[in-house]
Amino acid sequence: MTFNGWLQIAVFFALVLLAAKPLGLYMARVYERKRTWLDPVLVPVERLLYRLTGVDADAEMRWTEYGAAMLVFSLATMLLTYAVERLQHAIPLWNPQHLAAVEPYLAWSTAGSFTTNTNWQAYVPEQTMSYLTQMFGLATHNFWSAAVGMALAIAFIRGIARRESKTLGNFWVDLTRGTLWVLAPICLVYALALVSQGVIQNFKPYDTATLVEKQTVTAPGTDGKPVTTTVASQTIAQGPVASQEAIKMLGTNGGGFMNANSSHPFENPTPLSNLLEMFSIFAIPGGLCITLGVMAGSPRHGWAVFAAMGVLWFAGVFTAYWAEAQPNPLLHGVDQQAAMTQPGGNMEGKEVRFGIANSALFATVTTDASCGAVNAMHDSFMPLGGMVPLTNIMLGEVIFGGVGAGMYGMLVFVIVTVFIAGLMVGRTPEYLGKKVQAFDVQMAMLYLLIFPLIILGFAAVSVLSQSFGTSSLSNHGPHGLAQILYAFASATGNNGSAFAGLNANTHWYLVTQGVAMLAGRFLMIVPMLAIAGNLAMKKIAPPSLGTFPVDNTLFAVLLTGVVVIVGALTFFPALSLGPILEHLLLRSGVAF
Amino acid sequence: MSDLAFLASSLVFFVVAVWYIHGCRSLMKGGRDDA
C-alpha cells in the first residue's frame, strides 16, 4: 500500500462526502414537489407526460397500490426489452453490424437482468446487441430501474415520516420526477464529461485495425481438435457508449456497452474518468442519506446512517487494497514490491492505468452499491481481495448501496437494529417515534431471509451437479465454489458484476439467475413496502426516557454491528469453504 | 414456442408477486397489534 494510493482513496471519499448534502437536499425538494431551479424547463414536460399517460398526479397510493404499480411497470418494460432483443435483426435502425436476433433464453435473462437493475451480462455486448437494443432496450432500463429504486426508497422514507397516513405517495409521480429532475440532467452533463476524457459516442460501423505484428492463435475447432490460425487484423467496436456509460454508473446499473466493461479504454479511458465513474456510483446513495434525514425530520439520523455506511465502506476498501498489494507467495524470485517503476502486488487482471489502489477501490465501491461495473477482473484478485466484493454483496449491498435499493435495504436493517436495541433495554422499540412491532419485524425478517435462501439454495444445487453446475467452472476447489457463490449472490443482490471464470451462458444458469434476479428484487421489495405502509399508519409518540436515539454514534455502531453480524452468521460457512480456504491453501503453496 | 414460454413464465412470476402483496397485506391486517 502506498501513500499515493491512500491519497486517491481519500479524495474519492471526500467528493462523496461533499456532494451528499447538496444532492440530498435537492432530492428531498424534488420528491416533496417543492420548487427547484429546473422547474421552468421540466414542469411542462412532466405535465405533458401525465396528460399523455392519464396519470392523476395528485392521487395518493396505499403501499399495495404503490407495489402493484411498480410491478406492472416492471413487467411491461421487461417484455418490451425482450421484444426489442428478439426483433433487433428485423428493425432497420442502428444495427450496422447486422447482428442477429438474441436467442430466447439469453433475451429473457437479459431483460430480467436490466429490469431488476442487475445488468448481469451472460453475453458479449458488442457481438450480441445492436445499437438500438443497447440504447432503447438496455440504457432506458438503466434510467427506469434506477428511478424505480429511488421511488421505493422515498416511499419508505415517507412511511417513516408520515403519521396516521394510509398512503405512501404516487409511484408514477416519483418515477417521473426521479428520472426528469435527478437522473437525466446529471447524465447529460456527465456524459459530456466522459466524452471529454475520450469515451466514444457514435453510430459508426465497427473499425478494423491491421495488426503491426501478426498473431498465431491455437484454439479448439468444432471437432474439438486444436486449430491454429493467423490473425492479421482486429475489429474495434464502436457505438453510443458515453450516453450509456453515464447512467450505467449513476444509476448503479453496471451493464457495460463493451464486454470488458469499465476496464475498456472506450468506456473508462483515464484515471479522471475512473474517479468520476466511482464517484457517480456513490453520489445518489450518499445523497439519499441526507434526503432521509430531511424528510424524516432528523438530519442527524441521516448522517448517522451515512456514518455506518462509511465505516463499512472503509473496512472493505482497506481489506481489498491490503490483500491486492501483497506479493503473491507462489511467485518466487520475482520483485513484487511497489516502486516508482512498478505498482507491486497482484496486477493480474488489472489495468496498468488504474493500478492496485484504484482497482481495489472500484471493486469495493461497485459491490458496496449494486452497480456491478468492473475495471478489473475480480476472479484474478487474491482470495481475500476477491472475498471483499463477494462479502459486500452478501451483506445486502447496503453500504451506500444501489440507488434507492441500498437506502431501503439499510432501513430494513435499521428496523432490526431498533428492535434489538429495544430488547436490550426492555422497552418497546421505537423508530423516530414509531413503535416497531411484530408485523414490522416479521416483514424485516422475511426481507432478510429471502436473500440467502435464493443464493445458497441455487448455489447448493449447482455444486451438486457436474452436468449443468460445475461443468461451467474454469477453476475447481474453493475457487470454483467462490465463482458459483458470486454468480448467485450477484444475481440475487441485483449487482450484476461477474467473478468471471464461470460460463453463465447455459440454460441452467440463464434460467436460475433470471429467477434469482426477479425474486431478489421483487420478493424483497414487497415486505419492505409492507413495513413502510404499516409505519405510515402509526402515530408518532413523543420521545421518552425509553426511546433509543437513532442520531448518535452509538446507533451508528450498533447498526454497523447488526449488518455485519447478520451477514456473517448467514454466509460465513460458505465463505470459509470458498475464499478463506483458498487463502489458507495458497499460503501452503496450493492454487486452483 | 420459447417466446411464448418466456412470456408466460414472466406473467406467472408477476402474478405470484401480486399474490405475495396480498399475502403480506392479510398478515398485516391479521397481525396488527396497535393503531
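At what angle do α9(A) and helix α10 (residues 299–325) of chain A pack, and how far apart are their axes? The angle is about 150°, and the axes lie 6 Å apart. This report starts from the overall build and then returns to that pair.

The model is predicted: local features need pLDDT of at least 70, side-chain atom pairs count only at pLDDT 80 or more, and totals for chains, interfaces and linings use all residues. Residues are numbered from 1 along each chain as its sequence is written, while chains are lettered from A and ligands numbered from 1 in the order in which they are written.

## The two chains

Chain A holds 17 helices and four strands. Chain B has one helix and zero strands. Helices (H or I, at least four residues) and strands (E, at least two) are DSSP runs, numbered from the N terminus.

The C-alpha trace of chain A spans about 75 × 60 × 50 Å along its principal axes.

In chain A, 55% of the 592 residues count as buried. In chain B, buried residues make up 20% of 35. A residue is buried if 20 or more other C-beta atoms lie within 10 Å of its own, exposed if 12 or fewer, and partly exposed in between; C-beta atoms are placed from the backbone.

Contacts in chain A reach across the sequence. Of those with a separation of 6 or more, 78% join residues 24 or more positions apart. Two residues are in contact if their C-beta atoms, placed from the backbone, lie within 7 Å.

## Helix pairs in chain A

Two packed helices are described by the angle between their axes and the distance between the axes. Axes are lines fitted to C-alpha atoms, for helices over the stretch in contact, and angles run from 0 to 180 degrees between N-to-C directions.

| Helix pair | Angle | Axis distance |
|---|---|---|
| α9(A) and α10(A) | about 150° | 6 Å |
| α3(A) and α4(A) | roughly 140° | within 9 Å |
| α13(A) and α14(A) | about 130° | 10 Å |

Angles under 35 degrees count as roughly parallel, over 145 as roughly antiparallel, 65 to 115 as roughly perpendicular and the rest as oblique. A crossing is left-handed if the near helix is turned anticlockwise from the far one by less than a right angle, and right-handed if clockwise. For residue classes, Ala, Val, Leu, Ile, Met, Phe, Trp, Tyr, Cys and Pro count as nonpolar, Asp, Glu, Lys and Arg as charged, and the others, Gly among them, as polar.

The opening pair, α9(A) and α10(A), is roughly antiparallel. The crossing is right-handed. Residues in this contact include A:Gly286 and A:Cys289 of α9(A), and A:Pro299 and A:Trp303 of α10(A). By class, the contact of α9(A) with α10(A) has eight nonpolar, four polar and one charged residue.

α3(A) and α4(A) are oblique to each other. α3(A) passes α4(A) in a right-handed crossing. Among the residues in contact are A:Met78 and A:Tyr82 of α3(A), and A:Trp108 and A:Phe114 of α4(A). The contact of α3(A) with α4(A) divides into six nonpolar, six polar and two charged residues.

α13(A) packs against α14(A) at about 130°. That makes α13(A) oblique to α14(A). The crossing of α13(A) and α14(A) is left-handed.

## Where the chains meet

The contact between the chains takes 24 residues from chain A and 19 residues from chain B. On the side of chain A, α3 (63–87), α4 (104–115), α14 (438–464) and α16 each supply at least two residues. α3(A) gives the most, with nine residues. That side of chain A has 17 nonpolar, five polar and two charged residues.

## Single residues

Most residues other than glycine have a negative phi. A:Thr252 has a positive phi, near 45°. A:Thr252 sits in the loop between α8 (241–250) and α9 (271–295) of chain A. A:Thr252 is buried, with 38 other C-beta atoms within 10 Å.

A:Asn494 also has a positive phi, about 55°. Its place is the loop between α15 (477–492) and α16 (507–536) of chain A. With 31 other C-beta atoms within 10 Å, A:Asn494 is buried.

In chain B, B:Gly23 belongs to helix α1 (residues 2–31). B:Gly23 counts as exposed, with 12 C-beta neighbours inside 10 Å. Its C-alpha atom is 30 Å from that of B:Asp3, 20 residues away along the chain.
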